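Please open the structure in your viewer and keep the selection tool at hand. The tour below moves from one selection to the next and says what is to be found at each.

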Amino acid sequence: MSLCSSYKPNYFSIDDILATEERLSCKVLQKVPRLGFMDHSSESKDLKPGTKLELSFWLAYSMNKSKDPIASIDIPKYYKESYREILNADACAIELSKWNTYFYEFGLHVAKFDHPDCEKLPELLLKTFKSRFRLVMDWAQNQDTNPMIASQLPMLERTIFLSGRKSKEQLVYWFKIGGGGIKTTELIANHKKRKRSTFIENER
Amino acid sequence: MEEVDEVVEENAEFLEESDEDGGVTAQSVLQDIENAWLNEKFAPEILPHQSDAVECMLQQISHMEDNMKSLGKGSMKSLIHQMEINRIRFIISSYLRCRLEKIEQYAMHILTEEAQRGREDGYLSSDELRFAKDYLSSIELLFRTLALQHMPNVLQKFEIETMTVKPNIHAHVFLRANKRITGIIVPGTVDEEVDFEEGSQHIVQYSAVADLVKNGDIQLI
Amino acid sequence: MFGRRGVELVKELDQSLDSIPPFNEELITEILEEMQRLYNENRIDVNTRPDDHETYLSIKVRHAVLKRDKRCILAYLYNRLRRIRQMRWEFGSILPPEITVSLSKPEVQWFDSYSKCLATYMKSIGDNHGLNLTSDLAPPKSLFIEVKCIADYGKFEFGDGESVQLKKNTYHLLPRSECEQLVRQDGCVLLSPRSLTVNCKRHCERKDQETKRESLSACRSL
């Protein structure tokens, strides 16, 4: 019995923590004393203005989002105009996970910055998703699709694909068997498999 | 064939028996529970509880089990009655399990909302409320033991605002209108106003129809 | 370091979706130590240079790291609890030792406390009528199921007092509701799901020919 599973990240959400760990280029605007170690290439005790750094979103956001920002940010190239053209041409042909595994989730966070390129970002994400969704759905519904194809998809699409695939499998099983079968739960089956392989390892 | 007909008739009569108040039959209670079960499965948030119906149905099951004892074990009638009982019990279990899952997932959020409603209007039964409180305090205790107490003072707080997990009430749901409903506002880039004909089916954001689900005008499917 | 270790904790869980990895006390301690260090540095700065704008910036950055560390640790604990919770529903109220060895003591205590919470609730359902929510997990299609025992289980007692010996490689016809747990927890293996027909056939062998034929056709239409 699964509950409504639309994407809604929360404080404890693993995907959200990983998505906010993705990095952006930043430039330090003000001197920050005693934090020079953040710049690996410098020996300085203090973080100097003008230093270029790659920071995770969560840190970049707290350093940028205020009336007096500590650092300016540059949004990743795949959310910019030139890449937008590529997506408009044929979003389905791109292996999005190569650009960023958390393409959509990270994009939603990046859109919060006050940067000119961020205005059109939500629209871009929505458009990309709409054009690719049909492809993901077809892959999920077709039983001959190689499940390894999921690794080519960014995380949001991957979750949808895997869940679509699982429900297709359940439907097919139900048609064949007619429901009512009791199966060993996946958790326990995997647990036993692991026990067996550990046992074999120990015997060697 | 005759025996089966007899059993089916007996069952139907049994379920159609009204209670002393004269309005409610076991069959209608079962239907109410089935509807509540489906609504609960598909609604993102927890819905008002149906403990009265559940209690009533469980008592019916007890009656049926008592009646069965007189039929003798292994008779055709008892097998069919047993099947019926198993199926009713499954529906009730599934319904209550779904609610428990939501209570666990959204414990903080649900308790905050319940506190704002009067005891009479609460969505949780008193047993569910107790479960929710116990569950939440067990989590707080673990957090405190393994992490919070070891953190600097300023960060030891269990921050309700940031840590509350909320259901996504904007998720889309499939529904069927039980009667004609006008003036539903569908949010979007442009808010649209639509009407639902009786018996029609739609996909719409849950937030647009939440109240209608709770008052029975709409059935989630 | 500086806020990067927290993510490693979270990644451990992301990489082991169907099990629970051993409790990483070492990494948590490391992160807590970083938090204490950062907090001390902030405190020193606040006390020694309270009005310095640049120092304020350092404090702000360190605070962001503190919050991140806290989030990672709590998310790690929370997601582990969700998995432990799932185990109560799948393994039952006693966890196998291979699992408990991966849990910290407070987590084992949490499991017991959750079991108790759940049991109290289940007993109270329907005005203290009681209902075991951990059974009836799938819609019942038949009353009995044929099972093959894949391990020596011993004596299995039914609700009505009758019992059966479950020895390895034996076949049995058991009431579905009573042995559902066994099949899910891998003591037995489901053999034939369409067994209402089978059961009816056997049951009717006791009755005369005519009744048998009628009952069989009734079963098929159910």
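**Between chains A and B**

Begin with chain A and chain B together, between which the count of salt bridges is zero, a salt bridge being a side-chain nitrogen of Lys or Arg within 4 Å of a carboxyl oxygen of Asp or Glu. This is a predicted model, in which local features need pLDDT of at least 70 and side-chain atom pairs count only at pLDDT 80 or more, while totals for chains, interfaces and linings use all residues. Residues are numbered from 1 along each chain as its sequence is written, chains are lettered from A and ligands numbered from 1 in the order in which they are written, and side-chain values use heavy atoms, with hydrogens and water left out.

The contact between these chains, where contact means heavy atoms within 4.5 Å, takes nine residues from chain A and 16 residues from chain B. Together the two chains bury about 1200 Å², of which 69% is on carbon and sulfur atoms; buried area here is the accessible area (1.4 Å probe) that two parts lose on being put together, summed over both.

**Chain A: a domain and a helix**

Now select residues 12-61 of chain A, where an unreviewed UniProt entry places the feature "domain: DNA replication complex GINS protein PSF3 N-terminal"; such positions are given in the numbering used here, feature names are shortened, and annotations may be inferred rather than shown by experiment. Over residues 12-61 the chain is 22% helix and 22% strand, with its end C-alpha atoms 19 Å apart. Helices (H or I, at least four residues) and strands (E, at least two) are DSSP runs, numbered from the N terminus.

Next, select residues 186-203 of chain A, which form helix α8. Which residues of α8(A) are buried? They are L187(A), I188(A), N190(A) and H191(A), where buried means under 20% relative accessible area, exposed over 50%, and partly exposed in between (1.4 Å probe, protein chains only). These residues cover an arc of only 160° around the axis, so they sit on the same side of α8(A); the arc is that of the directions from the helix axis to the C-beta atoms. Turn to the face away from this buried side, and you will find the exposed residues E186(A), K193(A), R196(A), F199(A) and E203(A).

**Chain C: from overview to single residues**

Keep chain C in view, which has eight helices and five strands. Of its 222 residues, 52% count as buried, and among contacts between residues at least 6 apart in sequence, 61% join residues at least 24 apart.

Select R80(C), which is found in helix α3 of chain C and is buried, with a relative accessible area of 0%. Leaving aside residues up to four places away in sequence, R80(C) touches L13(C), I20(C), P21(C), P22(C), F23(C), S102(C), L103(C) and E107(C).

Two further stops concern positive phi values. N128(C), in helix α5 (residues 105-128) of chain C, has a phi near 65°, a positive value in a residue other than glycine, and N128(C) is exposed, with a relative accessible area of 59%. D136(C), found in the loop between α5 and β1 (144-149), has a positive phi of about 55° although it is not a glycine. Is D136(C) buried or exposed? At 7% relative accessibility, D136(C) counts as buried.

Methods. The expected span of a helix is 1.5 Å times one less than its number of residues.
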